[in-house]
Amino acid sequence: MLGFGFVEIGTFPARAQDGNDRPRMWRHPRTRAIRNRMGFNNDGAAAAGPRVASARADLETEYRPEKRPIIGVNIGKTKIVELENAIEDYLISTRTLAPQADYLVVNVSSPNTPGLRTLQSIATLSPLLQAVRAEANRVSPHRHVPLTVKIAPDLVDEDITAVARLAQELKLDGIIATNTTIAREGLGLHTTKEKINAIGAGGLSGEPLKTRSLEVLHLLKKEIGNKLALISVGGVTNAQDVQERLDAGADLVQGYTAFLYEGPLWAAHINRGLYKIRRSRQK
């Protein structure tokens, strides 16, 4: 009803967890940015599964099947689970949530779960994605559940290319780029170094992420072409930003931080802006 075409929910760990200690979110209003270290604070996959199923049923009643909004479901590692047991932890979430998802996201890029980003290395990422793909196929035998992986903007370009090649090799359906950044320098935060250090760890999202997020999209598009879907996120604020991502090869565009700053009419403003941009290009 707000004007979004799809919603991605999560990140859901296998188990319920409280998340990181409060405070765990800060605004940087001058740069339209957010710093967070939420830590996947929710009721976990088992509780989320029936809720997603109910939401899908409601949407299918309200909209025609081909018109209803898409529901993406994002899964991640439970904080207390050791990295050597990460695959089984992801599989618990997959069993519960893959049957309800229009697409499934393997989140290995949040900076707020200790050690999670180490799963982005090809040696650990490949077996994880293969296991999730196999389990999603097993629990949804009559429907292909599209599988994507969400990566960090802080990967070096060579690692981004390596993930793109792995995604093609494993026949994933898409890549989401990017998650929040742990970078602090050169982002124009207009916040003193003392305050930044006092806030401590956390992922930065919003306007300062725009340049790197777009760079990553270009890298992925160059490597992948039209073989996989690309979902672009990071620093998307207005209709021009969305159109720029689409022009750069994104199939879908997500927004988070700007929604907090702009409010419930944000998506409608972007949709109207996109309409005007496309009308002007037709002249």
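Me: With which residue does Glu135 form a salt bridge?

Reply: The model is a predicted one. A salt bridge requires a side-chain nitrogen of Lys or Arg within 4 Å of a carboxyl oxygen of Asp or Glu. The closest N and O atoms of the pair are 2.7 Å apart, and the partner of Glu135 is Arg138.

Me: In which helix do Glu135 and Arg138 lie?

Reply: The two residues are 3 positions apart in the chain, about one turn of the helix. The helix that holds both spans residues 122-139 and is α3.

Me: Is Glu135 buried or exposed?

Reply: The cut-off for buried is under 20% relative accessible area, and that for exposed is over 50%. Arg138 has 54% relative accessibility and so counts as exposed. Glu135, in contrast, has a relative accessibility of 10%, so Glu135 is buried.

Me: Which residues are linked with Glu60 in a network of salt bridges?

Reply: Glu60 pairs with Arg68, and their closest N and O atoms are 3.4 Å apart. Of this pair, Glu60 is partly exposed at 39% relative accessible area, whereas Arg68 is buried at 12%. The network joins Glu60 to Arg56, Arg68 and Asp102.

Me: How are α6 and α7 oriented to each other?

Reply: Helix α6 (residues 210-224) packs with α7 at an angle of about 20°, and their axes are 10 Å apart. The crossing of these helices is right-handed. Angles under 35 degrees count as roughly parallel, and the orientation of α6 and α7 is therefore roughly parallel.

Me: How many charged residues does the contact of α6 with α7 have?

Reply: From α6, the residues in contact are Lys210, Ser213, Leu214 and Leu217, and they meet Asp241, Glu244 and Arg245 of α7. By class, this contact has 2 nonpolar residues and 1 polar residue, and the number of charged residues is 4.

Me: How many salt bridges are found in the whole structure?

Reply: The pairs described above include Glu135 with Arg138 and Asp247 with Arg281. For the whole structure, the search gives a total of 17.

How values were computed:
Residues numbered from 1 in each chain as written. Predicted model: local features only at pLDDT ≥ 70, side-chain atom pairs only at ≥ 80, totals over all residues. Heavy atoms only, no water. Buried < 20%, exposed > 50% of the residue type's maximum accessible area, 1.4 Å probe, protein only. Helix = DSSP H or I, 4+ residues; strand = E, 2+ residues; numbered from the N terminus. Axes fitted to C-alpha atoms, helices over the stretch in contact; angles between N-to-C directions. Parallel < 35°, antiparallel > 145°, perpendicular 65-115°, else oblique. Left-handed = near helix turned anticlockwise from the far one by under 90°. Contact = heavy atoms within 4.5 Å. Nonpolar A, V, L, I, M, F, W, Y, C, P; charged D, E, K, R; others polar.
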